[in-house]
Amino acid sequence: MAGGGIVDPKGGARAHLYEYRITSYFVFSCIVGSLGGSLFGYDLGVSGGVTSMDDFLKEFFPSIYERKQEHLKETDYCKYDNQILTLFTSSLYLAALLSTFGASHITRNKGRRASILCGSVSFFLGAILNASAQNIAMLIVGRVLLGIGIGFGNQAVPLYLSEMAPAKIRGAVNQLFQLTTCLGIFIANFVNYGVEKIHPWGWRLSLGLAAVPATFMFVGGLFLPETPNSLVEQGRLEEGRKILEKVRGTSKVDAEFQDLIEASEAAKAIKHPFRNLLKRKNRPQLVLGGIGIPAFQQLTGNNSILFYAPVIFQSLGFGSGASLYSSAITSGALVVATLISMAFVDKFGRRAFFLEAGCELIFCFVAVAITLALKFGEGKTISKGTGIFLVIVIFVFVLAYGRSWGPLGWLVPSELFPLETRSAGQSMVVCVNMFFTALIAQCFLGALCHLKYGIFLLFAGLIFIMSCFIYFLLPETKQVPIEEIHLLWKDHWFWKRYCESEDGVKADELQERNMA
């Protein structure tokens with residue numbers, strides 16, 4: 001056995017024996033690995049902008065373009081309510097939902113790096129097809145290829161970053177995925193703002209530029225190391241030990257390497273990881289990481305605002321160019337918020353960010369709902385002052401989301417699953433996330449049309465429910481090694497009933513050691 005290992009007499013918790021230092025090799029691996037987020041982010045930012053461009057609407061959705069010009073005949077909330085138009089957006093997320101199961105098999109058996117490379121190729125092909133589309137069918141097929149790329153990338157990248165990172169900075173490192181996602185959104189909004197003035201093919205350039213981050217991701221992926229966890233899981237112990245020493249910057253990795261070997265041995269005993277997820281002992285991970293958090297991340301309503309921010313602002317009377325510029329400002333808040341979260345999430349913890357931001361999100365949605373109820377609808381335009389107030393409130397909302405449910409919705413699930421179900425668990429995360437993303441994308445404009453300002457009150461109520469979910473059911477995971485997260489369930493007031501009795505340290509003792 002390469003490198004040997006140590007058996008801690010206190011039941012296997014060896015976190016206090018882990019050693020590391022930050023190396024250039026580690027930094028390179030994490031930066032290149034995190035580029036997968038830019039694919040997701042660029043599409044989030046670009047799709048809503050393109051669907052509000054007149055040239056795009058005239059070519060593929062002429063009826064919506066005509067309706068846009070006749071907004072006094074109907075409620076302003078309903079200008080863009082068209083199921084084929086929203087299918088253009090949501091088809092990507094349905095494809096990502098299905099492709100993540102294939103990605104799980106590749107991630108588990110061929111490694112995280114293989115899935116990253118597959119995702120970049122599919123996304124590149126989708127971008128080229130969308131940019132050259134001549135009809136709606138070509139658009140939808142292109143979106144499906146983009147979705148497959150996102151399904152592979154979102155399945156592999158959060159796992160890659162969590163496994164490469166030392167426990168004490170795992171939160172910040174994992175949020176590189178969210179940072180590149182936000183940067184992708186930010187850049188996409190400025191691209192939309194610029195190409196909108198290029199008639200009649202500016203929208204093609206906007207969609208085609210999605211090939212750029214895919215190219216960077218593929219080329220960088222060729223030089224990426226595989227994670228030590230994955231190498232050990234594949235039985236490549238010598239190589240796994242070498243990579244672990246290289247990313248940790250020390251040869252004193254016996255304790256961590258032993259944890260990887262033990263986790264790998266448990267993983268090899270699992271022949272059907274998806275079936276294993278349903279076992280009683282995995283109920284905490286399934287409910288919290290596999291279903292609850294990824295579903296609630298989308299039910300905050302934030303992605304609905306990002307999808308259709310240009311549409312929303314245009315409906316609010318800002319004009320086409322102003323709406324794209326306003327969206328770029330809003331997406332800038334996501335970048336700032338992610339940097340704040342990266343700086344403090346490993347100090348203050350995941351729960352604090354979830355709960356504090358939840359109060360802000362509720363306040364912002366209620367403020368938007370009241371403002372729209374009093375000032376908007378039935379062909380009326382809003383005043384400049386009211387419009388500025390709405391942009392500020394949405395900016396504050398995105399700032400709160402961007403340091404809580406945005407990054408933590410990917411970070412926390414990637415921490416919770418043990419190695420034997422981690423790939424399957426992450427597929428479950430992506431599947432649920434993409435299902436609700438597609439659902440919101442497909443239903444938001446219709447709901448906005450029929451519920452009007454009430455849609456924002458609905459989101460406020462959902463955020464209250466999800467904040468209670470976090471408060472009562474999620475233990476704090478900051479600075480706990482990823483292969484020792486399972487010890488936290490044993491002392492949780494609710495989840496301990498699902499844990500099989502094993503010899504080991506108490507969760508509070510584990511956290512005290514890691515904080516020392």
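Visitor: Which residues of α14 are buried?

Guide: Helices here are DSSP runs (H or I, at least four residues), numbered from the N terminus. Buried means under 20% relative accessible area with a 1.4 Å probe, protein chains only. The model is predicted, with local features needing pLDDT of at least 70 and side-chain atom pairs counting only at pLDDT 80 or more, while totals for chains, interfaces and linings use all residues; residues are numbered from 1 along each chain as its sequence is written, and side-chain values use heavy atoms, without hydrogens and water. In α14 the buried residues are A255, E256, F257, Q258, D259, L260, I261, A263, S264 and A267.

Visitor: What does α14 reach from its first C-alpha to its last?

Guide: Helix α14 covers residues 254–268, 15 residues. The expected span is 1.5 Å times one less than the number of residues. For α14 that is 21 Å, and the computed reach is close to it, at 21 Å.

Visitor: What percentage of the residues in the protein is buried?

Guide: The protein has 24 helices and zero strands. Of its 516 residues, the buried share is 63%.

Visitor: Which element gives the largest share of the lining of the second largest pocket?

Guide: Residues lining this pocket include L35, Y42, L183, I187 and F216. Two or more lining residues come from each of α2 (36–50), α9 (176–195) and α11 (211–221). The largest share, five residues, comes from α9.

Methods: Buried < 20%, exposed > 50% of the residue type's maximum accessible area, 1.4 Å probe, protein only. 1 Å grid on protein atoms, 1.4 Å probe; cavity = no way out; pocket = protein on both sides within 12 Å on 5 of 7 lines; lining within 4 Å.
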